[in-house]
Amino acid sequence: MTAESPSAQGPTAQGPAAQSPAGASSVFAVRSPATGQVVSEHPVHGAEEVAAAVARGRRAAAAWAGLGWSGRKQRLLAWKRSLARRMDELASLVAEETGKPVHDARAEVLLAVVHLDWAARNARRVLKVRRVPSGPLSAHQRALLGYRPLGVIGVIGPWNYPVYTPMGSIGYALAAGNAVVFKPSELTAGVGEFLAASFADAAPDCADLLQCVTGPGETGQALAAAGVDKVAFTGSPGTARKVAAVCAGSLTPLLAECGGKDAVLVDADADLGAAADAVVWGAMANAGQTCAGVERVYAVESVHEELCERIVRAARELAPGTQYGPMTLSGQLDVVDRHMKEALAGGARAPLGGPESVRPPYVHPVVLVDVPEDSPAMTEETFGPVVAVNRVRDLDEAVTRANASAYGLGAAVFSGSRARGLAVAQRLDSGAVAVNSVLGFAAVPSLPFGGTGESGYGRIHGEEGLRAFAVPRSVTVRRFAPYADLTSFATARERAERAVELGRRIHARI
Ligand code: NDP
């Protein structure tokens, strides 16, 4: 970390390194994707430093457990207030490292804060020990269900939403009573250090509860292999497979939040102005580098042309560098270029932009129409400001096409009838659906978030997101001697058999 780096001036008087394991032998630089300038330098943490961080985290988790629900809530809310108060500072750092506009980064910080608030306030309600029905066979038992923390969670995060995305795991894991060792993307290492240091500032008696380890993919691999109790990974499906392979060696559970190829379905009676506005924002915001961003649109034939015109009109007005930033990962420019060229070679049209829209480090908005369904622009994650708008006979065909994807993260339906939109939503094979908006679910903390297929498995956010970082503990307490104790050799055989026969007869009828 250089003295001039923004994060070194940031979180604490001691600097972020206070919560970053020492002992690394080399450093790497984070560069601004917009200018190529070095923003900051960070240590490369190897297997030894990562293992030491996990060991410290384990001790910190024990102390965290001792604080109880209200002690943990109090500290998490103090951290939340601190992030809200320091929004500008954190947003500037996000903007510097990712290239996204500061106003987008501010909205990202707000979303993370909203989720942290919810996790802190709801952890006790969701995870505390509660009584559950014990059923007629076990009426003599009181049945209790509670959740205990897993221990130390290894969080591996991406660069596209370097606050919001990992905080969906970090905030919920801490609220569930765990310690966290966080490995941010090497492109956004300063943001990771800021988060750990700001937690240390807000909860000074919780040293090592949230630590940040920095470095390339190998540091993430070391974290997955370090004996953590669960890995919460967000990134591409390819890397998820590598992490899963490492986790398999030690049966370490894995939560994988991977990419998406989200579709928007537009009905004949939809408000086309609203649909076009949402499609353009969903596809182009953050330069299209959004896991649940809009990449495919299926519009019913009768409105396809008008919708395309509206989308093109709105997208044409966007100025890269103002409304959205550069491609954060320069290698993604080639992916975007290939998807467009293969789509056009396959017969698609481009009413806005085309391969010439790739002007490093920016990609100008691109709208493709009538793209072959087997083209990479329809099957692979493009992760750029490119949207494909195809026509369909009716919503049934739209559902079939939307569901044909290997991904299953998010989707949206625009319909003049909310009831019809909702009915279509129930038929979509994706983890979340927004009706008459895009990405509406991302800002609702009580809704779980995650996907199926290539989009991964497991859930962050909401009650499921808290339980993802906890282990159920089932307890029975015997209240009285039952008529026939089936767990005792002392019970007369005839009595036990009478009880079993009674149970059999009941279940054979009901
Ligand atoms: P990557 O898969 O390249 O990287 C994700 C994280 O894994 C980074 O911290 C990366 O480190 C690390 N990593 C790389 N190799 C390994 C390894 N062998 N073992 C362990 N960790 C490793 O994804 P991106 O950062 O490029 O993020 C973009 C992807 O994330 C997109 O596919 C996007 O859709 C998805 N995403 C999904 C979200 C969701 O909630 N479903 C939300 C946001 C993004 P480093 O960067 O230092 O190489």
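Biologist: How many bridges join E18 to strand E19 (residues 432–435)?
Modeller: This is a predicted model, in which local features need pLDDT of at least 70, side-chain atom pairs count only at pLDDT 80 or more, and totals for chains, interfaces and linings use all residues. Residues are numbered from 1 along each chain as its sequence is written, and side-chain values use heavy atoms, with hydrogens and water left out. Strands (E, at least two residues) and helices (H or I, at least four) are DSSP runs numbered from the N terminus, and two strands pair if DSSP finds at least two bridges between them. E18 and E19 run parallel, and the number of bridges joining them is four.

Biologist: In E18, which residue is the bridge partner of Ala-263?
Modeller: Strand E10 (residues 262–266) runs parallel to E18, and four bridges join them. The partner of Ala-263 in E18 is Ala-411.

Biologist: How many of the residues of strand E18 (residues 410–414) are buried?
Modeller: Buried means under 20% relative accessible area, with a 1.4 Å probe and protein chains only. Gly-410, Ala-412 and Phe-414 point one way, Ala-411 and Val-413 the other, and all are buried. E18 is therefore largely enclosed by the rest of the structure, the buried count being five of the five.

Biologist: What is the volume of the largest pocket?
Modeller: On a 1 Å grid over the protein atoms alone, a pocket is an open set of points where a 1.4 Å probe fits, with protein on both sides within 12 Å along at least five of seven lines; lining residues have an atom within 4 Å of a point. Grid points are joined across faces, edges and corners, and the volume is the space filled by probe spheres set on the points. For the largest pocket this gives about 830 Å³.

Biologist: Which elements give two or more residues to that lining?
Modeller: The lining has 35 residues, and those closest to the centre of the pocket are Trp-159, Phe-233, Gly-235, Ser-236 and Thr-239. The elements are helix H8 (217–224), strand E8 (230–234) and helix H9 (237–250).

Biologist: Is Leu-439 buried or exposed?
Modeller: Leu-439 is in the loop between E19 and strand E20 (452–453), and its phi is near 60°, a positive value in a residue other than glycine. At 16% relative accessibility, Leu-439 counts as buried.

How values were computed. Buried means under 20% relative accessible area, exposed over 50%, partly exposed in between (1.4 Å probe, protein chains only).
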